[in-house]
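Here is a short briefing to read alongside the sequence and the fold. Have both open, and let's walk through them topic by topic.

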Amino acid sequence: MTPVLEAEGLGRRYGRQWALRDCTLALPGGQVIGLVGPNGAGKTTLLSLAVGLLRPTEGEVRVLGRRPRSPGTVAEVGFVAQDKPLYRNLTVAETLRMGAWLNPGWDAPGARDRITRIGLPMDQKVGKLSGGQRSQLALTVALSKRPKLLLLDEPVADLDPIARRDFLRTLMSEVAESGVTVVLSSHLLADVEKTCEFLVLLATSHVQLADDTETLLSQHRMVTGPRADAQSLFSAHTVVQADYAERQATLLVRGRAPINDPMWTVRPVSLEELALAYMSTSLPQEVAA
Amino acid sequence: MIDFQLDDRSGVATYLQLAQQVRHALRLGLLEPGDKLPTAKEVVAKLAINPNTVLKAYRELEREGLLVVRQGSGTFVRTSLAPRDQAELVELQQRLTDWVAAARRAGLIDEDIEAMYRAVMRKDTHDTEELHDTRA
């Protein structure tokens with residue numbers, strides 16, 4: 001199966017600053033993919049390159065097997081930018097009409113159904129909607145063009161918990177129904193843990209992790225034990241993060257070799273712990289640069 | 001119909017939580033053979049989780065012979081889970097109570113006991129896995 005998004009040595013520079021560099025990725029279709037990383041890690045840059053809003057400084061990106069700006073790709077990719085750009089003076093109904101004019105594959109009955117399900121008044125001006133309602137409307141517009149790939153940049157970052165839950169419910173129902181591939185950038189790791197099957201972690205403008213979450217979780221463990229024996233773990237495992245107290249060491253290790261020494265407490269990690277560890281261990285590089 | 005709930009702080013994988021809730025409902029007789037389970041879409045519309053998580057839980061239960069997936073019509077309960085043998089449960093609990101009393105007499109506190117329990121469970125899981133590895 002061809003990847004829905006492929007990057008090869010992709011990089012983008014603003015002035016002398018690289019926002020994204022050496023990005024080589026192949027994202028699988030039919031999944032919900034979480035794109036996580038600290039602010040300024042390059043998430044928005046990667047998504048903007050994928051939809052052709054930015055041109056790469058180096059390397060290449062292909063979406064659904066084609067260049068981002070080719071007409072076929074534009075029709076098949078839905079994108080909701082972080083600020084959810086909508087026309088404030090249009091009503092909900094007018095926004096849908098505009099969607100129909102601009103998109104040849106527009107699903108008008110589907111769009112009306114979604115608006116009814118969410119409970120948005122058709123004659124309401126977009127400017128008068130709440131943040132949660134605007135997000136739901138932007139998602140409706142993106143979904144109603146029937147995309148094969150939906151890219152969402154921090155869709156729930158500015159929403160209250162209820163609006164966030166409602167947004168994710170709508171999104172996940174849509175995934176269940178149509179099987180659309182979703183790439184969702186977020187720094188809300190708990191949401192990503194529940195909704196995503198594949199994780200891409202960006203930090204310091206580089207891809208640090210890109211794999212399905214189950215594989216990542218099975219490869220990592222948190223071990224706690226005597227500091228003096230810690231070295232023995234380094235031979236069979238990659239130590240991602242190490243915290244040392246006077247006599248005790250807590251290590252996040254990568255590797256499947258069994259740890260049977262009863263002095264060591266071993267437990268599985270959550271996706272949140274894993275992501276935080278990779279984000280924080282890649283910080284010193286940034287300081288040095 | 002079963003109403004799934006999630007405990008975000010339990011640390012148990014979501015699909016395992018769903019599978020446990022089905023088994024629990026079967027054991028209590030809240031679900032019976034022939035009952036239909038909610039579709040993945042119905043579950044995610046409530047819990048806001050990935051639909052494949054629901055399918056994974058159902059597949060797991062299907063492998064255990066508890067559910068059957070009928071293409072086009074849904075997922076159904078195939079067999080009921082017999083409630084556990086009460087006498088056996090009582091006896092196991094009595095033995096555990098005796099063991100805990102012995103551990104306390106030996107000076108162990110609750111945390112020592114929990115650490116020992118976890119170590120034994122871990123060893124047991126590992127031994128079982130090794131057994132599978134040797135067979136394979």
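In this predicted model, strand E10 (residues 220-226) of chain A is joined to E13(A) by four bridges, and the two run antiparallel. Strands here are DSSP runs of E with at least two residues, helices are runs of H or I with at least four, and both are numbered from the N terminus. Two strands count as paired if DSSP finds at least two bridges between them.

- The open sheet has four strands in the order E11-E12-E10-E13 (chain A), with antiparallel pairing.
- Its edges are strand E11 (238-244) and strand E13 (265-268) of chain A, each pairing on one side only.
- From one strand to the next, the twist averages 20 degrees.
- Helix H10 (residues 271-281) of chain A packs on this sheet, touching E10, E11, strand E12 (248-254) and E13 of chain A; contact means heavy atoms within 4.5 Å.
- The direction of H10 makes about 85 degrees with that of E11(A); axes are lines fitted to C-alpha atoms, for helices over the stretch in contact, and angles run from 0 to 180 degrees between N-to-C directions.

- Five of the five residues of strand E6 (residues 149-153) of chain A are buried, so the strand is largely enclosed by the rest of the structure; buried means under 20% relative accessible area, exposed over 50% and partly exposed in between, with a 1.4 Å probe and protein chains only.
- In a regular strand, side chains alternate between the two faces of the sheet.
- In E6(A), A:Leu149, A:Leu151 and A:Asp153 are buried on one side, and A:Leu150 and A:Leu152 are buried on the other.
- E5(A) pairs with E6(A) in the parallel sense over four bridges, and A:Phe79 has A:Leu151 as its bridge partner in E6(A).
- Strand E7 (residues 181-185) of chain A also runs parallel to E6(A), joined by five bridges, with A:Leu152 opposite A:Leu184 in E7(A).

**A pocket and a cavity**
- On a 1 Å grid over the protein atoms alone, a cavity is a set of points where a 1.4 Å probe fits but cannot get out, while a pocket is an open set with protein on both sides within 12 Å along at least five of seven lines; lining residues have an atom within 4 Å of a point.
- The second largest pocket has a volume of about 710 Å³, where volume is the space filled by probe spheres set on points joined across faces, edges and corners.
- Among its 27 lining residues, A:Phe79, A:Leu102, A:Asn103, A:Val141 and A:Lys145 lie nearest the centre.
- Helix H2 (71-76), strand E5 (77-80), helix H3 (92-102) and helix H5 (131-144) of chain A each give two or more residues to that lining.
- The pocket lining divides into 20 nonpolar, five polar and two charged residues; Ala, Val, Leu, Ile, Met, Phe, Trp, Tyr, Cys and Pro count as nonpolar, Asp, Glu, Lys and Arg as charged, and the others, Gly among them, as polar.
- The largest cavity has a volume of about 30 Å³, and A:Leu184 is one of its lining residues.

**The chain overall**
- Chain A holds 11 helices and 13 strands, and buried residues make up 48% of its 289 residues.

**Reading notes**
- Residues are numbered from 1 along each chain as its sequence is written, and chains are lettered from A and ligands numbered from 1 in the order written.
- In this predicted model, local features need pLDDT of at least 70 and side-chain atom pairs count only at pLDDT 80 or more, while totals for chains, interfaces and linings use all residues; side-chain values use heavy atoms, leaving out hydrogens and water.
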